[in-house]
Every structure is written in structure tokens, then in C-alpha cells.
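The sequence and the model come first, and the description follows.

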Amino acid sequence: MLEEYGYEVKQGKNIALKGKGQQRFIRLRSLGEGYSEEEIRAVLAGAREHQPKRRRKEKQFSAAPPKLQLLIGIEAKRAQGKGGGYVRWAKNFNLQQMAEAVCFIKEHDIGTYDELVEKTDAATARFNELSDSIKSAE
């Protein structure tokens, strides 16, 4: 059936497949779980649904928003002996954190520093109220 779909099949100690445009064969055992000969036969016969492997680069999203972190002091880390690779990573990390901060400011319609201070004070006051009510309830 795989040959009908355009695959070249090589059977030896391990079954290997090569699709159109591929230069090399790939062994089924190297694909891991879900790609044994029996499992592929079941999928082709319609007795089982194929569950493709999840690639490493695919991100799994959670319901919780990502935690906002502070910027990294690159010069201080460099003084500690961190190398060039770390410095490049830290610059990229800092840019991502700044982008998240800008998005937060736009989402909450904060136009000036005074508005930011005002909303921060309001959030702090609300937190303190809730904290006091929790403590009194306990």
C-alpha cells in the first residue's frame, strides 16, 4: 500500500521508507513510538487513527499568562565572567521583556508615567484590601 502512495519500501533487518524527493531511506524504528510495522498496517487498514509525533519546537500553551521578569544586568553578568553567547542571549531576553512591557502598557491604555503610577497605586491598594480581608477571614 505504501508503494501505491509513492513510497519506496526497503525490507531488511529493519523496514525503511523513502518518499518522493527524499534522498535517503528512513528506518521505521528511528521514528519512535507509533511507527512500528504493525501500527502502520493498522492505520493503513483503517483500524486505527494515526497520531503524529509532536515536534520539539511546538509550544504547549497553558492558561496562565507568562510571568513578567525583570531585565538582566548584562554588564554585571559580563563582570562575573559570562561569555559572548550569554550576552547575546541576555540582550534577546531583555528585548522580549521590554516588548511584553510595551504590550501591557498598550493593552491597559496607559499613556503617561503619571497614569502608570496611578494604576499601580490603585492595584497595590486593592491587593492590600484583599490581603486584609483574607487574613480576617482566616
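## Overall surface and basis

The protein chain exposes about 12400 Å², of which carbon and sulfur atoms supply 52%. Accessible areas come from the Shrake-Rupley method with a 1.4 Å probe, and for residues only the protein chains shown count as cover. Of the 138 residues of the protein chain, 13% count as buried. Buried means under 20% relative accessible area, exposed means over 50%, and partly exposed lies in between (1.4 Å probe, protein chains only).

This is a predicted model, in which local features need pLDDT of at least 70 and side-chain atom pairs count only at pLDDT 80 or more, while totals for chains, interfaces and linings use all residues. Residues are numbered from 1 along each chain as its sequence is written, and side-chain values use heavy atoms, with hydrogens and water left out.

## Secondary structure and contacts

The protein chain has four helices and three strands, in the sequence pattern β-β-β-α-α-α-α. Helices (H or I, at least four residues) and strands (E, at least two) are DSSP runs, numbered from the N terminus.

Among contacts in the protein chain with a separation of 6 or more, 14% are accounted for by residues 24 or more positions apart. A contact means heavy atoms within 4.5 Å.

## The sheet

The three strands form an open sheet in the order β1-β2-β3, with antiparallel pairing. β1 and β3 (26-27) stand at the edges with a single partner strand each, so one side of each has no neighbour in the sheet. Two strands pair if DSSP finds at least two bridges between them.

β1 pairs with strand β2 (residues 16-18) in the antiparallel sense over three bridges. K10 has A16 in β2 as its bridge partner.

N94 is in helix α3. N94 counts as buried because its relative accessibility is 7%. Apart from neighbours within four places in sequence, N94 is in contact with L71, I72 and I74.

## Two exposed residues

D109 is in the loop between α3 (84-107) and α4 (113-137). D109 counts as exposed, because its relative accessibility is 63%. Most residues other than glycine have a negative phi. D109 is not a glycine, yet has a positive phi of about 50 degrees.

M1 is in the segment before β1 (8-10), and counts as exposed at 51% relative accessibility. M1, Y5 and Y7 make a nonpolar surface patch of about 360 Å². Patches are made of residues with over 30% relative accessible area and no salt bridge, with like charges joined within 9 Å and nonpolar side chains (Val, Leu, Ile, Met, Phe, Trp, Tyr) within 5 Å. A salt bridge is a side-chain nitrogen of Lys or Arg within 4 Å of a carboxyl oxygen of Asp or Glu.
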